[in-house]
Structure formats: C-alpha cells, structure tokens
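User: I am new to this structure and would like to learn how to read its main features. Please guide me through them in turn.

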Amino acid sequence: MHPSSFPRRARTLSLLVMCLVVLGALSVPPTLAATKPATAAAQTEIRIGLDPTAVPIVTGDDGVDVVGSISNDSDTAIDDGTVHVALSGALLDTPGAVSTWEAGRSQAKPETVASVSVGAIAPGAVRHFRVKVAAARIPWKYQLAALPMTLRLTEGRTVTSASTRSFTRTTLQMQRGAVDSPLNIGWVIPLTLPADPALFGPSGPDRDQAWARAIGPGSRIDQLITGLADQPVTWLIDPILLDPPAAADDNVPAGTIDDPATSTDTSVGSDQARRDDASPTPSATASSTPSAGPSTTPSATSSPTSSPAVSADPSPSTSASATASSGEPDPSESTPTSDPTDPPPADPIPSNTVETLTAELLTKLRGLPSDQTIWWSGYDDPDVLTLLQRDPALLQRDLRRPLPPALRALSTQRAVWPQGEVGAGDVRRIAGAWTSAGQATPIVVLPRRAAADPSAPVTGSVRKVAGTGGVVLYHEDLSATVSSAGGDPGLRAAKFLASSIAIYQQAPGSDRSLTVAVPRQGTTSPAAIKATIGAIRSSAWIFDLAGGAMNGTDPKARPTALLPAPARGPAYPPVAASALSPELIDRLGRQRRRVNTLGTILVDSGDVVDARHRALDVIGSTRWRGHPGALQIVSRTQSDSLRAISGKVSVNPSTVNFFADSGRLAITIVNDLNRDVHDVVLRLQPRKYLLRIGSQPAPLDLPANSRIAVRSEVEAISPGRVQVDAQLTNADGAPIGNANEVTQLEINVRPTSTWIYWVLGIVGGLVLIFGLWRSLRQGPRRTTLDPTSTKATPPDAIVATAPSRIGQLDPDDESPTTKASPPDER
C-alpha cells in the first residue's frame, strides 16, 4: 500500500466516527433527554395544597384525614396520579425546629403512611383528594405536638424521583386532651389607602374610579371587612378613608348661601356639584339629591375638614349656585321654581362618587360585630419617624385634626404603627407628639423585637408603657406566615399551628398572648387571610385576644420598659425607604404660602384654605414609602392646580398707545375664580424711565367670574416704547401667584408737548399750499347766466345755499331740498 493512502484513510475513519456520534445523539428519545428538566419544571407548576377548613389535627384514636387539592398549572397531563402522605416521629418542639423543617434543612426522614389514587388530571384542572391515615400509622401519641409531614404526587404508584410530579413539606398537629393555658392571639388588620396618585387628583372619573378601587365594592378593603365579619379582629383605620381630602381642582368651589326655606341635603350630589363649580363656565344651579348615607356636607364645598359621609352636623345645606360668565348674578335664579317648562332634573349622581363610597363604607363599619374593635390612626396614617426628623410641623397638623363625630361614635381609641426600627426613645417622642397636639396618648404597635429577644420565650404581647396608651407587640414570624404573598392558605395555617404549638411548649401552663399584624399594603388575598385565620382559630390550644385585652388598659397587661434599640432579626413587613425628600418638603412650604395668600383675598376662604392644606399634607403618609414616583406625581399635581387657581386672578396683557403728557392708563383685571375676591392690589413698575406712575390704583374688589377696568394716573417723560410690569398682590404685599412672574404691558409713549405742534404745523402748511395751488390752477370764477335774459334758468344752474338735510327728511317727502325764486316777469 502506498504511504500516502494512510492519511486519507485516517481522515475517512474520523469522518465516519463523527457521523455515527451525531446519529446516535439524534436517535435518543426526546422524553429521555429532557426527563430531569421537565420533572423539575413540572414540580413547580403542579401544586399540592391543604384544605384550610380541614387542616389535619389528630384529636383521638381514629386517625386523621388529610384533605387537599392538586392544581395542574403545567401544559402536560397527569395520566395516573397518586398522592402519598409521609410522616416522621421527630418532634417540632421549638420555633427553630419548625423553621428548619420548612426550609428543608431538617434531618427528619418521613416514611409513607398512606396513599390514594387521583387518576388523570388534565392541564389547567384541579383535583381534590382525601387520604385516610390510620391511627396505627401515626408514630407517637402526644398530648400536644407537631410532626413533620410531606405530600407527594407521583405518576403511578411507585415513589421515585423520576415519577414525582410535585412535592411539599407541611406538618401534622396532634392535640389529645385539654390545654390548661391556651395561647391568646389577637389580630390587627390595617385599613389604609394604596399609593395611587389618582386618589388625590382633580375631580372627575379618574378620581372617582381610583376611590372605587380603593374602598368601593370588590376592593381589598371591602373584601377584608366582608370576609372577616365573623373573626374577632382589631381594625387599624386611617380616618382619611371616611374623610377624604379635597380634589386638586384648578378652581375653588362656589360659595353657598344658606336658606332654611330651600336648603336640602346634597351629600350624594356634592361631588358632581363640585366638578360643576370648578368648570370655567359654572352651571346655574347644581341639583340636590337626597343622601343615601348620613346627613353630611361636602368636604370640598362647605366643610372641607370633614367628610360628607361623617359630618355630624345634621343641619341641611343648600345646593351650590354659580354666576354667569359675565360675573353678574341673575336674581331670577335665587329661588328655584317648578315651571313645567323647566328642563328635566339632572341624571342621578353615579354610585361610585367619592361621597357615596365613603357613606357606604361608614355604613359597613357601623355594622361591625361587637367582638371587633376599631382603632383610628392619625389622619393620613402619618409616617411618624420620618416626620419627627424632617417635618415635625406636618406631623403636628396630622395629629391635631380631631375625629368627626360620626367616627368618634364608632371608637375614640387612637393608635400608631410606626415604620422602621423603633427604640424606647422613639416611642417617647411619638407619644410626646400626640400629647403636644392635644390628643390622648395612643396605642403603639411595634414588632416583638422592640421589647424582647425573638429567641426568648413568648410572654405577653400587650404591655403597659409610661407615656403611651399601651404597646402591642406583634410576632413578626407568625405575621409573615399569615400574610406572606403566594402560597396555599391551608399550608400556611398548618405552619402557623405548628409554630404556635412550639411556642406553647416553651412555657406550658403560662398565661401568654400573641398578636399578628397584617401589612398595610399586603398582597395576600383577603380570601386567603380569612381561610388562614379561620383554620387557626379552630384549634383547641388557641383562644381569642380581642376588645379591651388588646390595649394597655387591660389589667392583665404587665408594665415593661422598652429596649433602647430593637433586637436583631428580619423585619416584617420589610421597611421601605421614606419617599419624603427635602425637595418635597420645600415645595410643600411654597404651596402652603400660596394657599395662605389666596385665603387673604378670597371671600369666605376658611373652607378653601383648610381643604387645600389637608390635600397638601398627604405627602407625609406612610403609604408613600417605597413609592417615590407616585409621591412626586401627587406633589406636582397639587402645584399645578394651585398655580392654575392663582392665575385666575390676573392682569390682562395688552399694548396701549399713550398720546398725552399725562392722563389715566386703563388696565383690565380678570377674576375667573368661582368666588369674589377683595383687597387685590395692583402694582405697576415701568422698566424704562419713559413713563412715570403718578399713583398706584386703590385695592380692588372683584365679583366671581368677572373683569373690571382699572385706571392709573401716569405721566409721559419721553417718547418711546416701554414695558410696564403689572403684578397683583394682597394687602400685605404677598404676590398672587408666582413671585417671579409678572404681566407686562406694552406702552407706546408719545407725549404731546414734544411732537404735536410739529405735526399740526406741518399739516397746516400742507393745507395752505394745497389751497393756493388749486386757486392758481382754476383761475377766477365766472358766472354763465345772462342777467338780462328773460328765459327760465336751467335747473342745473341752481346752486343750493341752504344746508343739506339728507338723512333727516321723511323718505316719503318728495319736495326738493331747496327752492329758487322764479324770474321777475315784468
């Protein structure tokens, strides 16, 4: 064989081997090649859960039923499913042991004790199961214990890693016999507004829909109140839910005139009336509609400090009326008539207006069962720790606002749940802020870490602390178990029960209590919270802690001193950074000054100023933590609305020709507000010394939606064009609107002393020259009539010597304008 053939043969063999390898790889079945990834993905998409109404608890010698469901959220079917229940005899007798088991780090090795076939489960289907665990298969018999338990779904009856389609860890509770000193557990459920800027925007559908999403039918708040109606919970409610701030409209509401003979309750229709009042051309009269809720007064029209739904003043109020765009009121509109030619009444106010929604919410709170308690937070749920550091004045305003009578009728207890790490000094400062605002000391809700080492045995969750209305310490781990996002309610309930048994085992026989707090902006569905709480309360070793036992006035609450700094541990709920920046605080100061200036010129301004101040102060709420963008939108919306309101009292820009040495300059002032203004001062300042202002105009009073002409004495100094800055202020000199913005008037100054005589001389000279030129060109005038002729004078030769009366004569009079005497016929 020739030597050169060996390299060719080697290359041929190499190519042949590569082809065989590729063909072998292609011949592997796809199902086998993807077995492991598909199994891992399937286990995350196929979920096993427990029925929260039947969490497994062994209470006797009859064994226990494990009831649950399988949700196949994968895209593959389960052909022959089997559920296997496995148990271990290792006791979960400490909170750490429970956490270790749930995290998968436990050394416990559960063994299968029962199985049941569930058959085929199609993609997207849910299949319920029930597995009977015989008493003989339960490893031990304890009076009170929690055992590790697993639930496994396999394809077929064989338990292998390859056949497993889903797997989860849970616990089996055992309670045989009575418990001497059950754990007392209280529930704190906050009801606050979400971080939605539309809630604080201008009147209109967007604001109404935002409030409907927040507190209306089907909202999270509505579902919590309805779903937990049979649970002894304590509600921590922000009063703003029932007493909303004014909308960020670009005009003020029209003033109202109380007339006992014609006044009616307009609580339901007030929101629509406010929108009409804020429009550029107000309607003549806003129709009034009887309220479905309590007798109220609209917050943005006549009583901004209290909600239409919660005002305690039962006296009726009149419907708002507005003047025409000319600014002159129509006397005929002051008393409504029942003329049959009048237009039909306005459409009913939609049921999702803010006033209607707050009235409905108040009705629901009035119907709460007697074993539920209401605590009121400060107005707008203030972020107390941030405000104590950055804007104590804003915190004082929030705390100083009293509850309306309708809210006080439900409860007078105040509470505060500060966000962040709270030590003993912080608690004293918080309580001091409340008392300095003239309020009773509040209940302070804190995490358990603020008063005890989380690893120490649980004692009592309600403490007496000097300077407070009591301190309620919520258990962060148990609160996270109930309120964690996602997961199965039944599995959460089983974990909670196992943890509560472990806590009980730390000091059996001691009288102790726990408190669980649901986060403000939690994402767990109200239905899941209801199911979890219901399952927990069904156990025999847990009693309810409610009513007076949830505050420091309870005789069982023991005195304590808070630690100077919270113990280490994960915070629940996680604390987001405050969104209240120094820039927003500075902007708030400018906005408040603008509102105060508006109040000095607005007639009957008390309601407008109070309402606008409340609307501005919402930037200090806890809801904005972690939502800086939403808070910026709210602040800018308020700035834009206040700028628009201030701009409605303005100077009309114009260009004026001033042809005199001195005189009065006319300037137009406009008031497009829905209310009268008074003591508006106009200040004029020329930018060049071509014009001198002799005297500034006197303070002005302008009716609503009107304009007037103001005349100012001025003196021309020199010819030219000059810009005159025109600025409106109040009587104290505070600018109305932006202090850095003025209206400029363009004045064309032409004093007569310098140019009028030249113009008159030139015109007179031109007239003289033209007359001379015409007389020279025409020559001497000669008559064409012969005085000696006896013929009649032609009509076209008669010259009219009398003044014309054209336009003054009767058009039917055909007599000539003038008549000539006939010739003498001697």
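Analyst: The discussion below takes up confidence, sheets and helix packing.
This is a predicted model, in which local features need pLDDT of at least 70 and side-chain atom pairs count only at pLDDT 80 or more, while totals for chains, interfaces and linings use all residues. Residues are numbered from 1 along each chain as its sequence is written, and side-chain values use heavy atoms, with hydrogens and water left out.

User: What is the mean pLDDT of the chain?

Analyst: The term pLDDT is the predictor's confidence in each residue, from 0 to 100. Where pLDDT is low, the predicted coordinates should not be read in detail. Here the chain has a mean pLDDT of 79, and 75% of its residues reach 70 or more.

User: Where does pLDDT stay under 50?

Analyst: One such stretch is residues 1-7, with 2 contacts beyond four places in sequence; contact means heavy atoms within 4.5 Å. Another is residues 19-42, for which the model has 5 contacts of that kind. Helices (H or I, at least four residues) and strands (E, at least two) are DSSP runs, numbered from the N terminus.

User: In what order do the strands E2, E4, E5, E7 and E8 lie in their sheet?

Analyst: Strands of a sheet pair through backbone hydrogen bonds, either parallel or antiparallel. Two strands are taken as paired if DSSP finds at least two bridges between them. In this case 5 strands form an open sheet in the order E2-E8-E7-E4-E5, and the pairing is mixed. Its edge strands are E2 (57-58) and E5 (111-121), each of which pairs on one side only. E2 pairs with strand E8 (residues 164-175) in the parallel sense over 2 bridges, and valine 58 has methionine 174 of E8 as its bridge partner.

User: Which helices pack on this sheet?

Analyst: Helix H4 (residues 95-102) touches strand E7 (144-155) and E8, and its direction makes about 165 degrees with that of E8. Helix H14 (residues 489-506) touches E2, E7 and E8, at about 40 degrees to the direction of E8. Axes are lines fitted to C-alpha atoms, for helices over the stretch in contact, and angles run from 0 to 180 degrees between N-to-C directions.

User: At what angle do H13 and H14 pack?

Analyst: Two packed helices are described by the angle between their axes and the distance between the axes. Helix H13 (residues 476-483) and H14 pack at about 165 degrees, with their axes 8 Å apart. H13 and H14 are therefore roughly antiparallel to each other, a term for angles over 145 degrees. In this contact, Leu478, Thr481 and Val482 of H13 meet Arg492, Lys495, Phe496, Ser499 and Ile503 of H14.

Technical notes:
Angles under 35 degrees count as roughly parallel, over 145 as roughly antiparallel, 65 to 115 as roughly perpendicular and the rest as oblique.
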